[in-house]
Amino acid sequence: MLGKKGEVMATPTSAPGDVKAILGKGSEFEGKLRFEGTVRIDGKFRGEVHSEGTLIVGESATLDGDVVVNSAVISGELRGNVKAKTRVELHAPAKLFGNMETPILVIQEGVIFDGHCQMTKEGQKPADKSKSIAPADQSADKSKNSFEKRP
């Protein structure tokens with residue numbers, strides 16, 4: 001279903017948990033993707049993805065853009081930032097080039113992840129790091145002492 005110009009919206013047409021829409025291998029699309037439920041991308045997608053559902057990025061997929069979803073299962077290549085409310089799973093041979101924010105992260109062996117990850121509880125904002133991290137000279141002293149030989 002097409003929404004505004006360049007915006008695709010998947011509509012709920014089947015039971016919960018079923019894939020609502022598929023961008024198949026060999027397909028290309030550019031724009032904004034908004035959906036409910038689960039959507040699978042196996043082709044090329046460039047743009048933004050926003051959903052309260054699950055995004056599946058198949059092995060043959062390339063996605064170039066930012067993703068904001070409830071959960072994501074990535075096996076293909078994604079270049080952009082990912083923000084997931086509940087979890088992100090990176091399955092081999094996934095390649096993620098971008099930053100990630102999620103409370104639960106699963107990374108299989110063989111995955112390439114080049115970016116930063118911020119893990120917070122669902123709905124919690126990241127903590128102020130300046131209060132929780134000791135100055136560099138204090139932390140160095142603590143680690144130095146922890147490796148000293150005991151008499």
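1. Buried means under 20% relative accessible area, exposed means over 50%, and partly exposed lies in between (1.4 Å probe, protein chains only). By that scale Lys85 is partly exposed, because its relative accessible area is 41%.

2. A word on the basis. This is a predicted model, in which local features need pLDDT of at least 70 and side-chain atom pairs count only at pLDDT 80 or more, while totals for chains, interfaces and linings use all residues. Residues are numbered from 1 along each chain as its sequence is written, and side-chain values use heavy atoms, with hydrogens and water left out.

3. Now the salt bridges. A salt bridge is a side-chain nitrogen of Lys or Arg within 4 Å of a carboxyl oxygen of Asp or Glu. The structure holds five. One of them joins Glu52 to Lys85, with the closest N and O atoms 2.8 Å apart. This pair links distant parts of the chain, 33 residues apart: Glu52 is in the loop between E5 and strand E6 (54–57), and Lys85 is in strand E10 (residues 82–90). Strands (E, at least two residues) and helices (H or I, at least four) are DSSP runs, numbered from the N terminus. Glu52 counts as exposed because its relative accessibility is 56%.

4. Next, Arg87 and Glu89. Their side chains meet in a salt bridge at 2.9 Å, N to O. Arg87 is partly exposed, at 29% relative accessibility. Glu89 is buried, at 19%.

5. Where does Asp42 sit? Its place is the loop between strand E4 (38–41) and strand E5 (44–51). Asp42 counts as buried because its relative accessibility is 14%. Arg40 forms a salt bridge with Asp42, the closest N and O atoms being 2.8 Å apart. Arg40 itself is partly exposed, at 29%. Leaving aside neighbours within four places in sequence, Asp42 is in contact (heavy atoms within 4.5 Å) with residues including Ile22, Lys25, Gly58 and Ser60.

6. Last, the core. A nonpolar core is a set of buried Ala, Val, Leu, Ile, Met, Phe, Trp, Tyr and Cys residues joined through side-chain atoms within 4.5 Å. The largest one has 24 residues, of which Val49, Leu55, Leu63 and Ile74 touch the most other members. Strand E3 (28–35), E4, E5, E6, strand E8 (67–74) and E10 each give two or more residues to this core. In soluble globular proteins, nonpolar side chains tend to be buried together.

7. Ile74 deserves a look. Beyond its neighbours within four places in sequence, Ile74 is in contact with Val57, Val82, Val88, Glu89, Leu90, His91 and Ala94. Among them is Glu89, the partner of Arg87 in a salt bridge.
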